[in-house]
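Please keep the sequence and the structure in view while reading.

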Amino acid sequence: MPAKLALALAAAAGPRARIAVVPGDHVSIFGVRDREAEALFGARVGPACMPASGAVR
């Protein structure tokens, strides 16, 4: 997603939104911040929505 659109989406989502703009394209940044994002997402939605143990990452 282009940073310009991501910033607009975060602004529309309000104060609970978090955004991190990482330089590069979707291929070159693959895996760079995945664990951080997964931990944040997991804390928000709970274990029922997280991948089963042993899932391929």
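Leu9 counts as exposed because its relative accessibility is 53%; exposed means over 50% relative accessible area, buried under 20%, and partly exposed in between (1.4 Å probe, protein chains only). Leu9 lies in helix H1, which covers residues 3-13. Helices (H or I, at least four residues) and strands (E, at least two) are DSSP runs, numbered from the N terminus.

Together with Met1 and Leu5, Leu9 forms a nonpolar surface patch of about 370 Å² of accessible area.

## Basis of the model

The model is predicted: local features need pLDDT of at least 70, side-chain atom pairs count only at pLDDT 80 or more, and totals for chains, interfaces and linings use all residues. Residues are numbered from 1 along each chain as its sequence is written, and side-chain values use heavy atoms, leaving out hydrogens and water.

## Ile19 in the loop

Ile19 is located in the loop between H1 and helix H2 (34-45). With 40% relative accessibility, Ile19 counts as partly exposed.

Beyond its neighbours within four places in sequence, Ile19 is in contact (heavy atoms within 4.5 Å) with Ala6, Leu7 and Ala10. The C-alpha atoms of Ile19 and Ala6 are 7.7 Å apart, and the two residues are 13 residues apart in sequence.

## The protein overall

The protein has two helices and zero strands. Of its 57 residues, 7% are buried.

Notes: Patches are made of residues with over 30% relative accessible area and no salt bridge: like charges are joined within 9 Å, nonpolar side chains (Val, Leu, Ile, Met, Phe, Trp, Tyr) within 5 Å. Accessible areas come from the Shrake-Rupley method with a 1.4 Å probe; for residues, only the protein chains shown count as cover. A salt bridge is a side-chain nitrogen of Lys or Arg within 4 Å of a carboxyl oxygen of Asp or Glu.
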